[in-house]
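Q: Please go through this model and say, for each label used, what it rests on.

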Amino acid sequence: MDTLFINQGTIWLALGFLLLAIEAVAFGFASGVLLFGSLGALLTGVLLWFSLVPNSFIAAVACFAVATALITLVLWAPLKRLQSGAELGHDRSSDLIGHSFVVSSDVSRAVPGVQKYSGIPWRVEPAEHLSDTTISAGTQVSVTAVSVGVFYVEPIPEPTGNS
């Protein structure tokens, strides 16, 4: 029995990976309870492995409890927000910002258009800041923001120059 506690770090690491596998396979990371426990066990295993926590059962269990509680406090709100499907707003930092194309049909807030990009049909809507909410077919537009499956566009002004 003493040999079981000689290298507790390995036991806690194995327990962490086991809990993580069960969370992934059985729950698809939907419950979170085993996720937090697995991360706590992994952290405990690492701390024991590098002798940052005394190699005693009581110290290991205490470390596991504290680590799990802290990880839960830190990750609960962000993961809850991620699972809730809450609107994250329009992304104005995407690599797609500035992508330009010609709309093939009239586009308005009431009747959005469609643009294929990389083989995927994206809904096309006028940018929120536009006062004129209709963009005519054949107009060159630029993407100003994106959301899941949506391009928010504005017309590109035609160059005005003397020829």
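Q: What percentage of the 163 residues of the chain counts as buried?
A: In this predicted model, 31% of the 163 residues count as buried. Buried means under 20% relative accessible area, exposed over 50%, and partly exposed in between, with a 1.4 Å probe and protein chains only. Residues are numbered from 1 along each chain as its sequence is written. Because the model is predicted, local features need pLDDT of at least 70 and side-chain atom pairs count only at pLDDT 80 or more, while totals for chains, interfaces and linings use all residues; side-chain values use heavy atoms, with hydrogens and water left out.

Q: How many helices and strands are in the chain, and which pattern does the chain follow?
A: The chain has 4 helices and 7 strands, in the order α-α-α-α-β-β-β-β-β-β-β along the sequence. Both kinds of element are DSSP runs numbered from the N terminus: helices are H or I with at least four residues, strands are E with at least two.

Q: How do you know what helix H3 should span, and what is the distance between its end C-alpha atoms?
A: The expected span is 1.5 Å times one less than the number of residues. Helix H3 (residues 33-49) has 17 residues and should therefore span 24 Å; its end C-alpha atoms are 24 Å apart, which agrees. Among the buried residues of H3 are Leu-35, Phe-36, Ala-41, Leu-42 and Leu-48.

Q: What makes Ser-51 stand out in its backbone, and is the residue buried or exposed?
A: Ser-51 has a positive phi of about 55° although it is not a glycine. Its place is just after H3, in the loop between H3 and helix H4 (57-84). At 62% relative accessibility Ser-51 is over the 50% limit, so the residue counts as exposed.

Q: Why is the contact between Glu-125 and Arg-123 called a salt bridge?
A: A salt bridge needs a side-chain nitrogen of Lys or Arg within 4 Å of a carboxyl oxygen of Asp or Glu. Here the N to O distance is 2.7 Å, so the pair meets the definition. The structure holds 1 salt bridge. Side chains of opposite charge can pair when their charged atoms come close.

Q: What makes a set of residues a nonpolar core, and which residues have the most contacts inside the largest one?
A: A nonpolar core is a set of buried Ala, Val, Leu, Ile, Met, Phe, Trp, Tyr and Cys residues joined through side-chain atoms within 4.5 Å. The largest has 14 residues, and those with the most contacts inside it are Phe-101, Val-103, Ile-135, Phe-151 and Val-153. Strands E4 (120-126), E6 (140-147) and E7 (150-155) each give two or more residues to this core, with the largest share, 3 residues, coming from E6. A second, separate core of 7 residues includes Trp-12, Ala-41, Ala-59 and Ala-60.

Q: How do you know whether Phe-151 is buried or exposed?
A: Phe-151, in strand E7, has 0% relative accessibility and so counts as buried. Leaving aside neighbours within four places in sequence, Phe-151 is in contact (heavy atoms within 4.5 Å) with residues including Phe-101, Trp-122, Arg-123, Glu-125 and Val-143.
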